[in-house]
Amino acid sequence: MTPTSRIIPIVSAATDYRAQDIARDYSDTLFDSLRRPLRDLRISITDRCNLRCTYCMPRAIFDENHSFLPRTSLLSFEEIERIATLFVRRGVQKIRLTGGEPLLRRGVEQLIEKLARLQTPAGKPVEIALTTNGVILAKMAQRLRDAGLARVTVSLDGLSESTFQQMTDSHVSVATVLNGIRAAQAAGFDAVKVNMVVRRGVNEHEIIPMAEHFRHSGVVLRFIEFMDVGCSNGWRMNEVVPAREILQRIAPHHPLQQMDPGYAGEVAERWSYADGAGEIGVIASVTQAFCQDCTRARLATDGKLYTCLFAGDGLDLRTPLRLGESNTVLTNLIADQWASRNDRYSQLRHQRDNTARGKIEMSYIGG
Ligand code: SAM
Ligand code: SF4
Ligand code: SF4
């Protein structure tokens with residue numbers, strides 16, 4: 001069998017977390033109604049952005065008349081730290097800062113310093129990661145690393161100036177983002193990854209150039225299927241390039257071998273180049289939903305807790321927090337919300353009319 005012929009259907013088998021957790025004795029972990037543990041927390045720290053990616057914040061909607069959240073609505077760093085601490089006590093092991101563009105939030109390093117001090121009940125440090133568009137990363141990478149940030153993921157949807165500027169609806173150059181990626185590598189993060197959202201007819205021609213650019217670089221490039229997040233990006237299924245097709249396009253040029261997941265429930269399927277040039281990943285959120293392994297909670301910019309990227313409603317944690325409620329009260333709110341969670345939007349995507357729901361936008365909930 002050649003490495004290329006090993007491309008087999010992406011299978012996402014349910015992981016028995018409960019058995020693993022009993023073995024590891026994480027007795028404080030919360031489980032939802034589908035027996036999924038709470039493991040990851042994504043925190044959107046701003047709903048603002050310095051790009052206008054057409055699939056995320058189309059300029060026609062996010063224009064100068066758009067009402068972004070006022071400063072007083074945003075959770076302060078102290079409020080974020082307090083809520084994050086409660087999540088960590090009940091199972092969260094990884095925190096990812098996102099947005100909007102998280103590097104636009106002034107003093108983000110101070111928040112990272114606070115979060116990097118958190119420890120799980122088992123005494124392990126909590127891993128702090130951040131997703132950025134990379135536009136101002138070059139000048140910030142070392143400070144972020146020094147503050148305790150472990151991992152950085154940079155979003156980049158193509159290498160050609162015209163495709164990149166069309167997709168981001170900006171005049172930012174690709175070189176600016178590539179400089180940010182290089183600075184992140186030089187800063188010594190545990191991992192630097194690049195996310196590329198692939199949209200049919202828009203940037204699918206960038207798949208091979210991107211793969212080739214990041215071979216031998218130490219950067220893990222991950223291809224993401226275009227998703228129907230929010231209500232503003234005009235998503236259509238025929239604009240999704242399935243992960244399987246992406247692999248089939250790369251493999252004839254650079255044979256691939258499937259790798260084991262890095263950890264239970266990893267959403268990216270990992271593949272290595274057979275010639276040792278590194279690793280890529282595919283995230284098949286649309287064609288092979290992985291809801292059964294979804295362990296993520298999302299804290300939106302204004303302190304609402306969402307249990308699914310495609311949720312319509314969130315639980316307001318900011319009000320009880322500002323009313324001075326105790327940690328016990330706040331923890332019970334979080335625990336009840338997670339216990340009643342039965343979200344599996346992506347698995348049900350094709351079974352119902354999903355357009356009818358008022359889904360929230362990704363820049364607010366955090367990608
Ligand atoms: N501004 C930062 C950035 O772009 O990396 C962080 C926030 S952004 C919302 C997080 C990730 O979500 C990015 O990698 C972006 O490409 C991805 N994203 C946004 N809209 C998407 C969509 N409709 N489908 C798939 N991925 C999407
Ligand atoms: Fe901004 Fe990131 Fe959304 Fe692009 S994907 S508009 S960079 S928040
Ligand atoms: Fe998780 Fe919701 Fe995405 Fe399913 S659709 S993987 S439950 S965020």
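**Exercise 1: a residue in a helix**

Ile112 has its place in helix 3 (helices are DSSP runs of H or I with at least four residues, strands are runs of E with at least two, and both are numbered from the N terminus). Before going on, note that this is a predicted model, where local features need pLDDT of at least 70, side-chain atom pairs count only at pLDDT 80 or more, and totals for chains, interfaces and linings use all residues. Residues are numbered from 1 along each chain as its sequence is written, chains are lettered from A and ligands numbered from 1 in the order in which they are written, and side-chain values use heavy atoms, with hydrogens and water left out.

Task: work out whether Ile112 is buried or exposed, and find what Ile112 is in contact with, leaving aside neighbours within four places in sequence.

Solution: 
1. Buried means under 20% relative accessible area, exposed means over 50%, and partly exposed is in between (1.4 Å probe, protein chains only).
2. Ile112 comes out at 0%, so it counts as buried.
3. Contact means heavy atoms within 4.5 Å. With those neighbours left aside, Ile112 is in contact with Leu97, Leu130, Leu144, Ala147, Gly148 and Leu149.

**Exercise 2: two helices**

Task: describe which residues of helix 2 and helix 3 meet, and say at what angle the axes cross.

Solution: 
1. On the helix 2 side, the meeting residues are Phe77, Glu78, Ile80, Glu81 and Ala84; on the helix 3 side, they are Val108, Gln110, Leu111, Lys114 and Leu115.
2. The axes of helix 2 (residues 77-89) and helix 3 (residues 108-116) come within 10 Å and cross at roughly 25°. Axes here are lines fitted to C-alpha atoms, for helices over the stretch in contact, and angles run from 0 to 180 degrees between N-to-C directions.
3. That makes helix 2 roughly parallel to helix 3 (under 35 degrees; over 145 is roughly antiparallel, 65 to 115 roughly perpendicular, the rest oblique).
4. Now zoom in on Ala84 in helix 2: with a relative accessible area of 1%, Ala84 is buried.

**Exercise 3: rings**

Task: say how the rings of Phe310 and Tyr345 are arranged.

Solution: 
1. Rings of Phe, Tyr and Trp (its six-membered ring) pair if their centres lie within 6.5 Å; planes under 30 degrees apart are stacked, over 60 edge-to-face, and the rest tilted.
2. Phe310 and Tyr345 are 4.2 Å apart centre to centre, with 10° between the planes, and the pair is stacked.
3. Phe310 is buried at 4%, and Tyr345 is buried at 2%.
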